[in-house]
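Open the model in your viewer and keep the selection tool ready. The tour below goes stop by stop, with what to select and what is there.

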Amino acid sequence: MEKSKRLFLKSKRSFRRRLPPIGSGDRIDYKNMGLISRFISEQGKILSRRVNRLTLKQQRLITIAIKQARILSSLPFLNNEKQFEKSESTTRTTTLRKKKNRN
């Protein structure tokens with residue numbers, strides 16, 4: 001019977017409560033780039049509420065702020081740094097080839 005009683009006892013694991021990602025003094029605004037950039041993936045996508053550990057209201061405000069920042073060109077819509085670097089290097093080589101052909 002002791003084994004059956006053990007199954008119903010709750011484990012006494014201690015857990016550390018995580019700090020909220022947005023502090024009480026933080027203002028959710030399109031101008032606050034330090035705060036907004038924490039909620040965007042490397043590709044430039046808005047991270048989900050589950051990943052961010054935000055409340056529904058906070059997630060809505062973050063989403064609106066990110067979209068406003070994108071419209072005002074504070075944030076890029078997509079983060080294509082690698083593709084940009086590749087296209088930039090190809091344009092350099094084509095311009096150099098044209099200059100060599102002229103001489």
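Select Asp 29 in the loop between H1 and H2. Helices here are DSSP runs of H or I with at least four residues, strands are E runs of at least two, and both are numbered from the N terminus. The model is predicted: local features need pLDDT of at least 70, side-chain atom pairs count only at pLDDT 80 or more, and totals for chains, interfaces and linings use all residues. Residues are numbered from 1 along each chain as its sequence is written, and side-chain values use heavy atoms, with hydrogens and water left out.

Is Asp 29 buried or exposed? Asp 29 is buried, yet has no salt bridge. Buried means under 20% relative accessible area, exposed means over 50%, and partly exposed lies in between (1.4 Å probe, protein chains only). A salt bridge needs a side-chain nitrogen of Lys or Arg within 4 Å of a carboxyl oxygen of Asp or Glu. The nearest side chain of opposite charge is Arg 27, 4.3 Å away. For charge, Lys and Arg count as positive, Asp and Glu as negative; His and the chain ends are not counted. Now show the contacts of Asp 29, meaning heavy atoms within 4.5 Å. Leaving out residues up to four places away in sequence, Asp 29 touches Ile 36 and Ala 65.

Step to Tyr 30, in the loop between H1 and H2. Tyr 30 is partly exposed, at 26% relative accessible area. Beyond residues up to four places away, Tyr 30 touches Ile 36, Ala 65, Gln 68, Ala 69 and Leu 72.

Next, select Arg 38 and Asp 26. Which residue does Arg 38 pair with? Arg 38 forms a salt bridge with Asp 26, the closest N and O atoms being 3.9 Å apart. The pair links distant parts of the chain, 12 residues apart: Arg 38 is in the loop between helix H2 (33-36) and H3, Asp 26 in the loop between helix H1 (2-8) and H2. The structure holds one salt bridge. Arg 38 is partly exposed at 46%, and Asp 26 is partly exposed at 35%.

Now the core. Select Ile 22, Leu 35, Ile 36, Phe 39, Ile 40, Leu 54, Ile 62, Ala 65, Ile 66, Ala 69 and Leu 75: these 11 residues form the largest nonpolar core. H2 and H4 each give two or more residues to this core. The largest share, four residues, comes from H4. A nonpolar core is a set of buried Ala, Val, Leu, Ile, Met, Phe, Trp, Tyr and Cys residues joined through side-chain atoms within 4.5 Å.

Keep Ile 22 selected. Then pick Thr 55, in the loop between helix H3 (49-52) and helix H4 (56-71). The C-alpha atoms of Thr 55 and Ile 22 are separated by 10.0 Å. Thr 55 is partly exposed, at 44%.

Finally, zoom out. The protein has five helices and zero strands. Buried residues make up 17% of its 103 residues.
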